[in-house]
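Subject: Handover of a structure and summary of findings

Dear colleague,

Please find below the structure that I am handing over to you. A short account of the findings follows it.

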Amino acid sequence: MDEFAALRWQIEIGADEAIAEAPVDRLARRETPRAVVPAATSPPPPPARPPRDARPEHPAASALRTVPAARRAEEVAAAAATREALRAALAAFDGCALAATATNLVFSDGNPESGLMFVGEGPGAEEDRAGLPFVGPSGKLLDRMLASIGLDRTRLLITNLIPWRPPGNRNPTDAEVAICLPFLMRHIVLVRPRRLVLLGAMATRAVTGSKAGIRSLRGSWRNVAIPGLENPVPVLPMLHPAYLLRTPGAKREAWADLILLRRTLDRDAAG
Ligand code: URA
């Protein structure tokens, strides 16, 4: 296995985050006792460092400085006063090369009035053909996951960070993400969801601005400020269904997140 293959494999199994400054050789013989009880005279421990993702700059802000088409996307998206206008603006937008190779724009599916919005990564081949998000293998799994907690597409709106299929299902580039993000953020502003579920690392990083790995962000709600909305939106990052198809062992975590989502929706409904 070459070093890039090894790295890709690690990322696929979820080891997408370094947790210490220096590598630890866990196979080396342990020379020191496991637990060291500090003596009464030990110096106080150094103050804890702030988490690496404390106060991140939102990617939408940094992209506007570095990718000219992202600035244009921001202006075009901001001018859309309705979801229909936003869809039309995206369909007419010529600032993202992905539009030229995609068969269809994939805007959304489901119920924009539901108060619940799901955001995935981007269309695959079947979504590209149908012009609808999550209709391929990972969409079928997502539908089963939703059904297991009594949800279906009449009870949520589903969209993607990237509305055009990248050729050959490659990952979108940072510039493509930067160009598409203003449209997603505007979509969120226009829908005003009470709750937002982010499927996978890419959507989570783009919307929250956090550099932390999805495995450490999933499992709890966090409030995220969305420029254009007065109040922060509660956001639940979850593992992406495509990842769950490749890594069935991770379904346990996904199930825990689904239960959390169900309980939260029930609590919301009870007022
Ligand atoms: N994966 C996504 O993130 N979105 C889709 O629409 C399909 C697969």
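Which residue of E6 stands opposite Leu196? It is Val235. The model is a predicted one, in which local features need pLDDT of at least 70 and side-chain atom pairs count only at pLDDT 80 or more, while totals for chains, interfaces and linings use all residues. Residues are numbered from 1 along each chain as its sequence is written, and side-chain values use heavy atoms, with hydrogens and water left out.

Strand E4

Helices (H or I, at least four residues) and strands (E, at least two) are DSSP runs, numbered from the N terminus. Strand E4 covers residues 195-199, and because 5 of its 5 residues are buried, the rest of the structure largely encloses it. Buried here means under 20% relative accessible area, exposed means over 50%, and partly exposed lies in between (1.4 Å probe, protein chains only). Side chains in a regular strand alternate between the two faces of the sheet. In E4, Arg195, Val197 and Leu199 are buried on one side, and Leu196 and Leu198 are buried on the other.

Two strands count as paired if DSSP finds at least two bridges between them. E4 pairs in the parallel sense with strand E2 (residues 116-120) over 4 bridges, where Leu116 stands opposite Arg195. Strand E6 (residues 233-238) also pairs with E4 in the parallel sense, over 4 bridges.

Salt bridges

The structure holds 10 salt bridges, each defined as a side-chain nitrogen of Lys or Arg within 4 Å of a carboxyl oxygen of Asp or Glu. In one of them, Glu253 joins Arg215, with the closest N and O atoms 2.5 Å apart. Glu253 belongs to helix H12 (residues 251-270) and Arg215 to helix H10 (residues 214-217), so this pair ties together parts 38 residues apart in sequence. Arg215 counts as partly exposed, at 28% relative accessibility.

Glu253 also meets Arg218 in a salt bridge (3.6 Å, N to O). Arg218 is buried, with a relative accessible area of 16%. A further salt bridge joins Arg218 to Asp257 (2.8 Å, N to O). Asp257 lies in helix H12 and Arg218 in the loop between H10 and E5, so parts 39 residues apart in sequence are tied together. Asp257 counts as buried, at 1% relative accessibility. Through shared partners, the salt bridges join Arg215, Arg218, Glu253 and Asp257 into one network.

Yours sincerely
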